[in-house]
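Trainee: I have a protein model open and I want to learn to read it. Where do we begin?
Mentor: Take a look at it, and then ask me about one residue at a time.

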Amino acid sequence: MFYNSTRNSSVKVSSAEAIIKGLSDEGGLFVPEKIPPLTESDMKYIGRMNYAERAHLILKKFLTDFTDDELKKAAQSAYSNNFATPNAMQLSKLYPDCYVLELFHGPTCAFKDMALQLLPHLMTASAAKCEAARDRKIVILTATSGDTGKAALEGFRDVANTSVTVFYPEDGVSLMQKRQMTTQEGENVRVCAVRGNFDDCQTGVKEIFTDSELIAELAEKNMIFSSANSINWGRLVPQIIYYVSAYAELLEAGEIKQGESVNICVPTGNFGNILAAYYAKQMGLPLGRLICASNSNNVLTDCINTGVYDKNRELILTASPSMDILVSSNFERLLYHLSDNDDNVINALFTDLKEESKYILNDKVRKKLNGLFYGGWCDEAETKRTIKKVSDEFGYLMDPHTAVAYKIYADYKKCTGDTAKTIITATASPYKFCSVVCRALGQMPEADEFIIAKKLEALTNTEMPAPLARTESMPVRFTDSVEKSEMKRAVSGIIKTL
């Protein structure tokens, strides 16, 4: 299995090279040259496997330059003891045709743990396989809209021969997300706020990856750049696992029949989570419609519905900050596949995006997109109403991102009449967004996030996850803040200290 670049199809690298590099030299994203199938035998036995065994099954289909032992060891290390549930994820049934796939039972209480507990093992194994990375320090740069940052910091904390720096939008994450990052433990971690939005952070990191001066600085110190964002294939491939696992568990529990189609609804920002569902579908998993749920930053919804991707709009700071994104990086991977791997199409589209801040899909790509995806969005008031509605009707507490997905699923069902069973991905613990959830339930939050959490516990008879609760007593370590134009200088300064 080799990997091509979305912007240069002639590029051909191994999975280890793709994971180490993160981004191709010309700025493209790495994609598998073909999608490996799930076999009848896979689906027959996967329901009896634990999560680590399922992970091994999927990983060995995509990461063919890794040994079986390497992949088994990585999966066991990532998923055996790091999650609060026996099988890493958990399915909750709201009513007969609606299930919530809880992906927030890891050490940072967000779905990013499902990949970032595994990525450090894949990256260190990849470094040993790649001559360009062997015996070099890996300098990991990550932009975050809230959850990736903490998950990357925790996943790579004190991992030998790595350094991790996270950039986050200063006013674009929740108080709990900020506290998680700024109190992070570890000798090899750094956190820096950016006076801008997530797109500024993400653009800055991408530009740094291809900056010749910084690359030369790294080379002098025997170091290389890599990424823990979902632009890195090593971040994306683990996300395929939980869709396959969720289907297998529904099958094993008798909730669905073999071959029965199941829809997937995902709250979407950078498009990686729902793209993983697309890959699972392409592997042969019986998935129906992929429902792309957006908040008020509805650039993806508009593109799915009109064929025009237009980021000429103000980015709105919402109660679901991980979706406050106008440039969804992983959408590029999807468009590459839908255009039959034509890098000319991708280069033309993203030249238009750079020069005009928008692009228009051709009819062929748009037709394929509409056949696979449904797009919808809801505003802040609807998000809060949904949190209360689900709590009142089902006694189930949702974070604002998951509430967006639930609302769009309800809209989809009403619009289409589709009664197929549907899995809604729950991407974060509601306790990461205590103030929003409290207000949605009709309570006035206090100034202190931990007092709010205690109020929420008493109100809902739920419990704040231990990893969040322990941050109350942890000292703040990181207070740096820079302009978006200063990110390069900040990284150069960090390199000098390594």
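Trainee: Is Phe-271 buried or exposed?
Mentor: One note before that: this is a predicted model. Now the general idea. A residue counts as buried when its relative accessible area is under 20%, and as exposed when that area is over 50%. Phe-271 has 1% relative accessibility, so Phe-271 counts as buried.

Trainee: Where does Phe-271 lie?
Mentor: Phe-271 is in the loop between strand 10 (262-267) and helix 12 (272-282). Check its backbone too. Phi of Phe-271 is near 75°, a positive value in a residue other than glycine.

Trainee: Which value does phi of Asn-461 take?
Mentor: Phi is near 55° at Asn-461, again positive in a residue other than glycine. Asn-461 sits in the loop between helix 20 and helix 21. Now apply the cut-off: exposed means over 50%. Asn-461 has a relative accessible area of 72%, so Asn-461 is exposed.

Trainee: Which residues is Asn-4 in contact with, leaving aside its neighbours within four places in sequence?
Mentor: Among them are Ser-9, Val-11, Leu-29, Phe-30 and Tyr-336.

Trainee: Let me try Asn-87. Where is Asn-87 found?
Mentor: Asn-87 is in the loop between helix 4 (68-79) and strand 4 (90-95). With a relative accessible area of 16%, Asn-87 is buried, because the cut-off is under 20%.

Trainee: What lies 2.9 Å from a polar atom of the side chain of Asn-87?
Mentor: The backbone nitrogen of Tyr-51. Tyr-51 is also on the list of residues that Asn-87 touches, not counting those up to four places away in sequence. The list includes Met-49, Arg-54 and Glu-249 as well.

Trainee: Is Asp-392 buried or exposed?
Mentor: Asp-392 is exposed, with a relative accessible area of 53%. Asp-392 lies in helix 17 (residues 380-394). Compare sequence with space here. Asp-392 and Leu-441 are 49 residues apart along the chain, and their C-alpha atoms are separated by 9.1 Å.

Trainee: And the whole chain? How many helices and strands does the chain have?
Mentor: There are 22 helices and 16 strands. Next, compare the overall size with a rule. A compact globule of 498 residues would have a radius of gyration near 23 Å; the chain has 21 Å, which agrees. Buried residues make up 61% of the chain.

Trainee: What about contacts and charges?
Mentor: Residues 24 or more positions apart account for 75% of them. For charges, there are 56 positive and 63 negative side chains. The centres of the two sets lie 2 Å apart.

Key:
Residues are numbered from 1 along each chain as its sequence is written. This is a predicted model: local features need pLDDT of at least 70, side-chain atom pairs count only at pLDDT 80 or more; totals for chains, interfaces and linings use all residues. Side-chain values use heavy atoms; hydrogens and water are left out. Helices (H or I, at least four residues) and strands (E, at least two) are DSSP runs, numbered from the N terminus. The radius of gyration is taken over C-alpha atoms; the globule rule is 2.2 Å times the number of residues to the power 0.38. Buried means under 20% relative accessible area, exposed over 50%, partly exposed in between (1.4 Å probe, protein chains only). Contact means heavy atoms within 4.5 Å. Lys and Arg count as positive and Asp and Glu as negative; His and the chain ends are not counted. The place of a charge is taken as NZ of Lys, CZ of Arg, CG of Asp or CD of Glu. A polar contact is a pair of N or O atoms within 3.5 Å; within protein, one must be able to donate a hydrogen and the other to accept it, and residues adjacent in sequence count only if both atoms are side-chain atoms.
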